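Let us read a protein model together, one feature at a time. Keep the structure in view as we talk.

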Amino acid sequence: MKKFVIRYGILGASISIVLGLLNWVFIAPVYGPNISETVGYLSIVMSLLTIPLGIKYFRDMLNDGSVSFSEGFKIGAGITLIAAIIMGLYGMLFFLIEGDDFMAWHKQWATQIDMHQTNVSDMPDYMLSPLFQGIVMFIMVFLIGIIINLVSVLILKRATKSVVN
């Protein structure tokens with residue numbers, strides 16, 4: 001895998017981790033789960049903007065100003081996969097360290113209506129495990145990344161220049 005794909009994937013995951021931790025420390029305690037969840041999704045989308053940056057870098061710096069759909073998609077998928085793997089590992093680690101505090105925080109903010117809809121005690125044990133939370137984070141980041149990848153490739157692709165004799 002190309003070094004720049006790894007670099008952009010790590011950069012995207014790093015941005016998401018930093019924004020996620022800032023969200024957990026500063027936003028979640030004050031504004032609760034609804035706002036915190038929205039900020040979390042926005043931070044994932046913002047961090048995955050490294051996908052179009054990586055495709056643009058390849059197009060402009062490494063490939064003479066052109067990139068095909070398949071080349072761009074492969075680059076974006078690579079960046080997405082690296083970011084999703086790192087974020088999945090981060091999700092497992094976060095839930096392993098902060099899982100009890102996270103569940104207490106969530107219960108603290110829940111209303112009676114919410115408690116009837118999403119009763120934590122009714123959830124299967126595997127859903128509260130760090131492994132499950134990591135897999136959910138991986139899938140979520142991967143799916144959001146693939147959507148951003150498709151849009152980015154469609155916007156940034158330029159057909160390969162043909163040589164005129």
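Predicted model: local features only at pLDDT ≥ 70, side-chain atom pairs only at ≥ 80, totals over all residues.

Q: How many helices and strands does the protein have?
A: Helices (H or I, at least four residues) and strands (E, at least two) are DSSP runs, numbered from the N terminus. Here there are five helices and zero strands. Along the sequence the pattern reads α-α-α-α-α.

Q: How do I read burial?
A: Buried means under 20% relative accessible area, exposed means over 50%, and partly exposed lies in between (1.4 Å probe, protein chains only). Of the 165 residues in this protein, 36% are buried.

Q: What is the accessible surface of the protein?
A: Accessible areas come from the Shrake-Rupley method with a 1.4 Å probe; for residues, only the protein chains shown count as cover. The total for this protein is about 10,200 Å². Carbon and sulfur atoms hold 69% of that surface.

Q: What does V141 touch?
A: Contact means heavy atoms within 4.5 Å. Leaving aside neighbours within four places in sequence, V141 meets I44, L48, T80, A83, A84 and M87. Now take the whole protein, and contacts between residues at least 6 apart in sequence: 83% of them join residues at least 24 apart.

Q: Is G145 buried or exposed?
A: G145 sits in helix α5 (residues 130-156). G145 counts as buried because its relative accessible area is 0%. Beyond residues up to four places away in sequence, G145 touches L48, I51 and T80. G145 and T80 are 65 residues apart along the chain, yet their C-alpha atoms are separated by 5.3 Å.

Q: Where does R59 lie?
A: R59 is in helix α2. R59 has 6% relative accessibility, so R59 is buried. Not counting residues up to four places away, the contacts of R59 are D64, G65, S66, V67, L156 and R158.

Q: How many aromatic pairs does the structure hold?
A: Rings of Phe, Tyr and Trp (its six-membered ring) pair if their centres lie within 6.5 Å; planes under 30 degrees apart count as stacked, over 60 as edge-to-face and the rest as tilted. The structure holds 11 such pairs. One of them is F4 with F58, stacked at 6.0 Å centre to centre, with 15 degrees between the planes. This pair links distant parts of the chain: F4 is in helix α1 (residues 3-47), F58 is in helix α2 (residues 50-62), and they are 54 residues apart. Both F4 and F58 are buried.

Q: Which residues form one aromatic cluster?
A: The cluster is made of W24, Y90, F94, F95, F102 and W105.

Methods: Residues numbered from 1 in each chain as written. Heavy atoms only, no water.
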